[in-house]
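This report describes a helix pair and a sheet. The structure is shown first, and the description follows.

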Amino acid sequence: MATSAAVRSSMGLTLRLSRVIPDCSTCSLYRLRSCVNSAANLQRTGSADSFRTINRHLQTSIGLYHSEEGSSNAEDPEDVVNVVYIDRSGQRIPVKAKVGDNVLYLAHKHGIELEGACEASLACSTCHVYVNAAHFDKLPEPEEREDDMLDMAAMLQENSRLGCQIILTPELDGIELTLPKVTRNFYVDGHVPKPH
Amino acid sequence: MIGHKLLKLWSSGRSRWRLHEGITRCGKACYSSCNPKVCIVGSGPAGFYTAQHIIKARQDVEVDIYERLPVPFGLVRFGVAPDHPEVKNVINTFTQTAKHSRCSFYGNVNVGKDVSIDELQQAYHAVVLSYGAEGNRSIGVPGEGLAGVYSAKDFVGWYNGLPNCRELSPDLSCETAVILGQGNVALDVARILLSPIDSLKKTDITQPALEALAQSQVRRVLIVGRRGPMQIACTIKELREMVNLPGTRPEMVATDFEGVAEALKDVPRPRKRLTELMLKTALEKPGEKEQERRNKASRIWGFRFFRSPIEVLADPNHNKIAGIRLAVNKLEGSGEGAQAVLTGEEEDVPCGLVVSSIGYKSLSIDPSVPFDSRKAIVPNIMGRVQQAAGLYCSGWLKTGPTGVIATTMNNSFDTARSLMEDMDSGTLDLSAAKPGSQSISALLEKRGVKPVTFSDWEKIDNVEMMRGEASGKPREKLLKVEEMLQDFSVNAGH
């Protein structure tokens with residue numbers, strides 16, 4: 001059990017470590033001109049939206065950078081947000097996170113199998129999670145673009161959100177995020193595949 | 001906790017962790033020839049997600065991915081629209097998988113021609129077929145072969161740089177284009193046809209397509225479906241992009257939407273939101289600003305419902321199309337299962353371009369592999385190919401050609417799980433060592449086939465990105481296989 005958790009964590013880190021690098025010139029988002037932080041893209045989109053996302057991205061990368069270093073130091077208790085991920089096998093994985101952490105990248109940091117195919121650009125639904133009732137209402141309303149992507153997610157529920165859009169705040173302490181079980185019967189039970 | 005300790009061990013020295021990988025589940029130190037070897041045919045999302053899951057699940061499995069083209073990533077590179085770059089971010093995930101020590105990429109290898117499935121099965125413990133759907137469903141009407149009629153697969157391949165679509169040269173000198181089908185691919189085609197050229201200039205659309213679109217006379221695009229608004233197959237993101245497309249205005253037939261608002265009550269959320277947006281666009285009187293925007297728009301798009309193609313009409317003088325004859329349908333039943341039934345009425349729509357977007361289709365790769373030609377899939381149960389031990393399938397080849405990257409991801413993880421189960425249970429015999437790529441590489445060399453490695457692809461990638469920089473594009477794709485096979489090591493740094 002512990003070994004497989006370690007394998008999972010290390011694989012997660014091996015696979016995800018590069019995403020924590022805040023250096024824009026090595027980032028494929030920047031290269032692909034699809035990073036909302038880069039000046040080139042600001043001009044392109046020119047919408048107020050990007051400012052909100054910029055703060056989110058800045059918070060995210062800074063938050064992760066600090067918590068990466070901070071994992072071996074004493075943490076400021078005001079800053080700690082306790083999160084529980086429930087993976088597809090039902091296993092509960094408690095994680096100590098910090099205010100400002102992004103739920104998707106936090107999962108990656110801890111080797112939890114939450115995919116983020118589009119890298120938090122609201123262009124896919126692979127980071128789909130269920131939020132426990134007690135905390136679901138504490139989250140800010142999803143923007144229209146998140147709802148559009150959620151509509152494409154398998155097994156959508158009332159308490160569905162995209163992990164990449166959840167930024168931890170002190171009120172979210174104790175939040176529980178369940179990974180949807182996309183079952184073996186996904187296609188066998190008569191479910192109609194989503195259109196492309 | 002043990003996990004944390006191992007984690008620290010890992011982060012303090014990667015090489016120490018690597019040593020652990022040599023020890024197999026049976027506990028004995030092993031030479032690499034003992035490791036289970038899996039071969040995946042196809043390097044699109046299905047191939048890569050299957051590989052990712054297998055590599056993560058077992059520390060001893062080696063995965064080789066074979067791809068017909070010199071370049072990887074399948075529809076992520078050749079299908080996703082140029083103005084959807086975020087969808088292509090998944091390439092970063094695939095790149096990490098490809099560069100994993102237990103994964104190898106072999107491009108420029110045509111499975112079925114350069115090497116047979118049988119030979120792969122002899123060299124590997126398991127073979128996973130993930131080669132997708134390279135064919136398309138034909139409309140099945142007279143005139144389909146006329147100049148001016150294209151499959152969406154080819155049209156998309158053309159603007160996305162698929163080598164065998166390079167010479168498509170679609171005629172864009174007409175005013176009206178008709179797209180058959182109302183899925184996301186149909187909407188992509190409509191959007192690319194009507195997008196302001198300035199917004200396409202900064203994408204990775206191919207230069208020839210960009211030039212053709214800059215000269216295009218197409219001003220009106222009709223997106224035609226057999227059934228009604230409640231059965232439309234596209235998703236809300238793509239619809240919203242059309243509604244908000246600068247320089248365009250919507251033109252719909254109000255009567256097509258009779259009864260739709262009332263039927264929305266008990267409909268699941270995705271369908272409800274999509275239909276509400278359509279109703280708003282089609283029926284609601286726009287506010288002042290929106291009305292002004294629509295008045296200034298020079299390009300028109302619209303859905304046409306309850307229409308099936310019966311004949312493509314030829315221009316007698318010019319051996320190209322003059323229009324399309326459509327049958328008028330009515331719906332029997334409701335919801336996803338509603339059927340279109342002919343009424344006997346017909347309608348002719350003048351147009352100079354028809355793009356048929358009614359579905360991709362998988363083809364059989366090798367006569368030894370079971371293939372259901374009616375459904376155009378490889379018959380399987382949870383990814384295990386029926387009546388074929390050691391053979392698996394994932395992606396569109398497994399379930400049919402619908403679904404976005406997320407769907408394919410889940411589908412591929414399912415197949416990987418089946419494969420892992422079979423390895424763990426002994427259903428898949430791992431006792432005999434298999435030669436894997438050693439024997440296949442030898443075969444390919446004998447046959448004069450030179451595989452493209454992943455680092456060769458990275459050179460191609462760099463060349464494309466450098467070429468794109470000059471024109472402010474993320475990349476300028478190489479359009480010919482011969483160009484991709486060049487030796488770029490000499491040119492690095494230019």
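In which kind of crossing, left-handed or right-handed, does helix 8 of chain B pass helix 11 of chain B? In this predicted model, the crossing of helix 8 of chain B past helix 11 of chain B is left-handed. The two axes, those of helix 8 (residues 184-194) and helix 11 (residues 236-243) of chain B, come within 10 Å and cross at roughly 20 degrees. Because angles under 35 degrees count as roughly parallel, helix 8 of chain B is roughly parallel to helix 11 of chain B.

Helix 8 of chain B contributes Asn184(B), Leu187(B), Asp188(B), Ala190(B), Arg191(B) and Leu194(B) to the contact. From helix 11 of chain B come Glu238(B), Leu239(B), Glu241(B) and Met242(B). By class, the residues of this contact are five nonpolar, one polar and four charged.

Chain B also holds an open sheet of three strands in the order 11-12-13, with antiparallel pairing. Strand 11 and strand 13 of chain B each have a single partner strand and stand at the edges, so one side of each lacks a neighbour in the sheet. From one strand to the next, the twist averages 20 degrees.

| Strand (chain B) | Residues |
|---|---|
| Strand 11 | 307-315 |
| Strand 12 | 320-332 |
| Strand 13 | 339-350 |

Strand 11 and strand 12 of chain B run antiparallel and are joined by eight bridges. Pro309(B) has Leu326(B), in strand 12 of chain B, as its bridge partner.

Terms used:
Residues numbered from 1 in each chain as written. Chains lettered and ligands numbered in written order. Predicted model: local features only at pLDDT ≥ 70, side-chain atom pairs only at ≥ 80, totals over all residues. Heavy atoms only, no water. Axes fitted to C-alpha atoms, helices over the stretch in contact; angles between N-to-C directions. Helix = DSSP H or I, 4+ residues; strand = E, 2+ residues; numbered from the N terminus. Parallel < 35°, antiparallel > 145°, perpendicular 65-115°, else oblique. Left-handed = near helix turned anticlockwise from the far one by under 90°. Contact = heavy atoms within 4.5 Å. Nonpolar A, V, L, I, M, F, W, Y, C, P; charged D, E, K, R; others polar. Pairing = 2+ DSSP bridges.
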